[in-house]
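The following note sets out some points on the sheet, the helices packed on it and the pockets of this model. Please read it alongside the sequence and the structure.

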Amino acid sequence: MEKIDNLDKKILSILSKNARIPFKDVAADCGVSRAAIHQRVQRLIDSDVITGSGFDVNPKSLGYRTCTYVGLTLERGSMYKDVVKRLELVPEVVECHFTTGPYTMMVKLYARDNEQLMHLINGQLQEIPGVVATETLISLEQSIKREIPVHFDEIDL
């Protein structure tokens, strides 16, 4: 990854608050040309500093009322990649992490209701070869969702 300078950090700070802001507005805030912003943003994308942009869709608007975290215990940690391939086939799984602690993996998924949740856990996740146990945690409310803050020094700009 390339070195990120203070201007890059200011650009990231602006974009992380509003990914739809026009580059001309970012350029004005940063005191540089639109072309400079475009080139820097493209470099940040190419170097995987910026890994995506888009809209967040509210799962409830699509009928997914239950957000659930499932801890998976695997027979062997080395089975992780094979299990991930199987989890990718389950559209309701939106995140998957290889973890330390009591679980080998932590999965975030959405279900329409408890019946679908039971099917996802018992009929799909627990049927994946190598999964020996699951523990389910239902999220009652999401209180915070944000990007990591990007700090920059105003004096250097």
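Two strands are taken to pair if DSSP finds at least two bridges between them. The points below rest on a predicted model.

1. The sheet. Four strands form an open sheet in the order β2-β3-β1-β4, and their pairing is antiparallel. From one strand to the next, the twist averages 20°.

2. The pairing of β1 and β4. These antiparallel strands are joined by eight bridges. Within β4, L137 is the bridge partner of Y69.

3. Helices on the sheet. Helix α4 (residues 80-87) lies across β1, β2, β3 and β4 and runs at about 175° to β2. Helix α5 (residues 114-124) also packs on the sheet, where it touches β1, β3 and β4. The direction of α5 makes about 145° with that of β3.

4. The largest pocket. Its volume is about 810 Å³. Of its 23 lining residues, L15, S16, A19, G52 and E147 lie nearest the centre. Two or more lining residues come from each of α1 (6-17) and α3 (34-46), and α1 gives the largest share, four residues. By class, the lining has 11 nonpolar, six polar and six charged residues.

5. The second largest pocket. This pocket has a volume of about 450 Å³. It is lined by 19 residues, with P59, C67, K108, Y110 and Q142 closest to its centre. The strands β1 (66-74), β2 (93-98) and β3 (105-111) each supply at least two lining residues. The lining comprises eight nonpolar, four polar and seven charged residues.

How values were computed: Residues numbered from 1 in each chain as written. Predicted model: local features only at pLDDT ≥ 70, side-chain atom pairs only at ≥ 80, totals over all residues. Heavy atoms only, no water. 1 Å grid on protein atoms, 1.4 Å probe; cavity = no way out; pocket = protein on both sides within 12 Å on 5 of 7 lines; lining within 4 Å. Points joined across faces, edges and corners; volume = space filled by probe spheres on them. Nonpolar A, V, L, I, M, F, W, Y, C, P; charged D, E, K, R; others polar. Axes fitted to C-alpha atoms, helices over the stretch in contact; angles between N-to-C directions. Contact = heavy atoms within 4.5 Å.
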